[in-house]
Every structure is written in structure tokens, then in C-alpha cells.
Amino acid sequence: MLQGQMMDRPLMISDIITYAADIRGDQEIVSARVEGDRHRYTYADLAGRAAQLANALRALGIGMGDRVATLAWNGYRHLELYYGISGIGAVCHTINPRLFAEQIVYVVGHAADRVLFLDATFVPLVQKLRDQLPDDLRYVVLGDDTHGLEGALAYETLLSQQPNAIDWPSFDERSASGICYTSGTTGHPKGVLYTHRSTLLHSYGLLAVASEVGLTPTDTILPVVPLFHVNAWGLPYAMPLTGTRIVMPGPKLDGENLFRLMDEEKVTSAWGVPTVWLGLLGEMRKQGRKPAGFDHVVIGGSAAPEPMIREFEADFGVRVVHGWGMTEMSPVGTLTTMGPTLNAKPEPERRAFKSSQGRRVFGCELKIIDEAGNRLPHDGEAFGELLVRGHGVMDGYFANAEASAQVFDADGWLRTGDVAKIDGHGFLYIVDRTKDVIKSGGEWISSLDLESAALGHPAIAECAVIAAAHPRWGERPLLVARLAEGQTTTPEDVRAFLADKVAKWWLPDDVVFVDDLPHTATGKLSKLTLRERFKDYVLPTAVE
Ligand code: AMP
């Protein structure tokens, strides 16, 4: 080997914020605050305050490898935490406040967090859990005062005592920078430790498709996806690297509030899960227009229903980008980036690609395998379990050898637990979760495809398809639906509606209407809870 002769400088997260302050120092960051007002400052201010925070953390005795937790909405102070914590080599643990109380206690203990930074909104939650949290955990309330949290420090006081400059340290780029816990369907949440290296390379991966997803210096981005949900899909790093204008939505994520914020701040590119877009679309329908300047909507976290994609694009002229990823990655794996040739295709064909989960981002390789572990072709037909590999994919869960031992194949690829097909252009189509797919007479039925089709029914607001036991077929699909307000329908009508949209043998054997569907901490339908609820359900077709 001939050794190259380039400087071996580690990839550091702190370099992003230093660069953003140097190059885009006057770019604006707007935050709808917990306090109720709208706060404005610049990247230069962000860099200065991240330095103040880093100095304050060191004064509290925090150093390399120490875990520092956050319980906060999307706002400028949370961004400061991302940079201030990781910048000194500590590990930013973003806690999802929607986890069950006992899971929050578990993750704080498992991560061995030393300090917890929290928005004032979460003071009552922390007060309730306090006796179960470690005695030596320090608390900092993100604001001017401590809102009655005994023994806590006020963030602004903490920062005001520190200089707004720092010589960011340089260290091994493979050091942990952040940790996220999966919201976990079974057992305890599992932690994923990201590195400075994986974070930077992932940001570059997003930048490679920047103009196609609305991530350019002339864009104004609204990350609705929470900073506590897999690093808000990498935006906290990719936005400053690009120098986009940022609008942080705070806690109010209903359609009316999002519309107003987007309209007044001229947001061009908004990122979030399908549930929030249902709310926003309702408001857009009501007002008969889109928020001014709205150009790109990036949808991920769970499947974007086809009617949603159609409404955004055809009715309102908003370009949809659909993406897939997971906590076990840095986290975006695929995005529906089209390129000029596919964009030029006629409408139905183009829209079909948009309904897929997209093509891999740089640094994430995909493969699908059959039950024997053999690779399946990327022909758009064959489907099997999806595995991923890349510099943004974890190689084990934090301090959990048992769970880690179960998720890799012999070649070191990560098993995603998703069932998928991949077409000749490289588009990924998630068919189901391996646990959710319905096995009817040895054949697989995609619960996701059935749900997507059923959502086209005007009376159905939300639905889930789960497997119900059947004496002849093993499992048959059961559709559980929540009706839209003021609407009625019947199981026969829903089945008739689906008849020309899915194969005949896919039609659900029964349709049940419920007032509410269960959700996980990340807002996804909790099929586990639903299956539990319907475990004794007897399908009409199962009765001889
Ligand atoms: P999480 O780690 O909570 O982000 O969950 C990751 C899982 O969410 C993936 O393994 C998929 O099952 C699911 N998921 C994420 N994005 C999508 C999408 N666009 N379509 C379908 N499923 C998705």
C-alpha cells in the first residue's frame, strides 16, 4: 500500500457549527417558544451560546463520554444542547417525552445520565418521576427560572456566567456523540450510540440530494419531526452545514398552528411524520390554499398514504419526498429522489415512485433476502427481509449484548425487521414489518398496502390491519378503523370500496370501527397493543 499524504483530521460535529457561524453567521433561526412568543437569532448566536453551554457543562464536571439528557421540544435551546454537549465529547441523550413513565426512568438509568436539561413544560413530569430517578442527577430548566423544580438550575443563569467562545477539542471521530433509545415494541427500549463520524457522513449523504429535498441555503426548513426522535432525521446537523434558514415549531403541532407559523415565516420545506400532515392538510383544505412559499414536504417515520401524496402534489402544488429510516441508523436510509429522467415521466408513473420509500442515500446499502438468507433480485417483484449496511448504521446496541446478538446476519448486515421489495431503479417499497405481515395460506398479505388503500375511503380517518386467527388459512386480515368526524359506513361498503384496489384474496375478512387507535411514543400505530386488544376476536369467516 502507498500511504496517502493528507491531513488526518477527525470528523467533528463542532466543525459544523464553527463553519455555519463563519459562513452563514447572519442566517436566521426562528423558534416558536414554550413561553408562547417567537424567538429570533442567528447561526452566529447559536455558535456563541453552544460555546457558553459547553463551558458551563465543563464547570459542572461533564467531560468526554458523559451522558447528558434532554427532554425538550424543537427550539433554539435544544439545538444549542446538540452542539454544546457533543462538542466537548459528551453524549447527547435526547429522551422522547412520550415514552411511558417507567421507560423514561429506565433510559435515564441505563444511559447513566449525569444532567437532565428540560423544557418548563416537563417540570410536572419530572417532579412525578423524581423519586425514581438517580439522586445525583442534576436538573437544568431551559429558561430564565426553574419553575419550582427543587434543586434545579436555570439555563439562562448557567449560560450567562460563561464566555461565548471555546476552543472546541479534537478527538477520535468514532467517539459517541449522541444516544437515542428505540421506543421499543417489546422489552426495554434499546440505545443506539451515534458517532461524530456517522453524523457527519450522514449529513453529507443528505447534502448530496439537497436540491431535491429542499435543503439548500435559500430554503427555510421547518423540522416538525422532533429533535427527540432519531436526531430529527439528521436535520440539526444538515441544516447548519447547508446554512438553511430554520423555523422551530415548539410544542404546538396542530394544523392551525403549523399553518400560521409556516405562512408567516414563509417555510419552503417541512419535515415530519404522516400524522402531523393530516392535521396540516385539514387546515389547508379549510383555507383553500397552502401556506405561502410551501414547496417541499418530507414525509417519513411511517408510510405516507397515497391519497396524502396526491393531495399535496395535485391539489396544492407541494412536492412530496417520502423517506424511510430507523433509530438504528443515523437515521435516514432512503428518500424519493427522482432525478431529471424520472421527473419527466407521466404523472401516474411518477407518483408511483413517490409512494415508494425512495432510493438509498449515500452511505446506506440495501439488500433483501429470502427466509434461507439468499439475496433476492431487485426486480420490483420479489420481497423479503430488508437488511442495511453502511457508515451510518449501528454495529450493536449500547450495553445490550443480548439484543445486539439478534440483529445482524453472518456478513454483519443489520436486520431491519422490515419486509420490502426493491425495483430496478433502486426504489425501496416497504411491504410490512416482519411481525405485522399477514400470513394467509402460506402467502403474505401486506397490512401497509391494505391500510393505504382503505385510507382512500372518505369515511376512514385512520386504520390498521392486523392478522386474526383463521382455522383454514392460519391468518386473515382484520381492518380496524376510526371514522372521520360525522361520517358513517359499513364493513360491506368498505370491502366493496377495496374490491378494485387490492387482490380479491387480500380483502379483509372483517372491518371493525373503533373510537380510538393505540399509538407508540413516536406516533406510530401500535399494532402490538391492537393485536393484544383483538387477540380473542373471532372472524365471521372463522365460524363454520
Ligand atoms: P423508528 O426507529 O422508531 O424510527 O422506526 C423505524 C421503523 O419505522 C422502520 O423500521 C419502519 O418499519 C418504519 N418506517 C419508517 N419510515 C417508514 C416509511 N416511510 N414507510 C413505512 N415504514 C416506515
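Here is a short tour of the ligand site and the cavities of this predicted model.

Residues are numbered from 1 along each chain as its sequence is written. In this predicted model, local features need pLDDT of at least 70 and side-chain atom pairs count only at pLDDT 80 or more, while totals for chains, interfaces and linings use all residues; side-chain values use heavy atoms, leaving out hydrogens and water.

**The ligand**

Now look for polar contacts (pairs of N or O atoms within 3.5 Å). A backbone N or O atom of Gly 323 sits 2.7 Å from a ligand nitrogen atom. Ligand oxygen atoms lie 2.6 Å from a polar side-chain atom of Asp 418 and 2.8 Å from one of Arg 433.

**The largest cavity**

Next, show the cavities (sets of points on a 1 Å grid over the protein atoms alone where a 1.4 Å probe fits but cannot get out). There are 3 of 30 Å³ or more, volume being the space filled by probe spheres set on the points, which are joined across faces, edges and corners. The largest holds about 110 Å³. Its lining has 13 residues, each with an atom within 4 Å of a point; select Val 34, Gly 75, Tyr 76, Arg 77 and Asp 119, the closest to its centre.

**The second largest cavity**

Finally, move to the second largest cavity, with about 60 Å³ of space. His 202, Val 332, Phe 362, Gly 363 and Gly 392 are the closest to its centre among 13 lining residues.

Terms used
1 Å grid on protein atoms, 1.4 Å probe; cavity = no way out; pocket = protein on both sides within 12 Å on 5 of 7 lines; lining within 4 Å. Polar contact = N/O pair within 3.5 Å; in protein donor to acceptor, adjacent residues only side chain to side chain.
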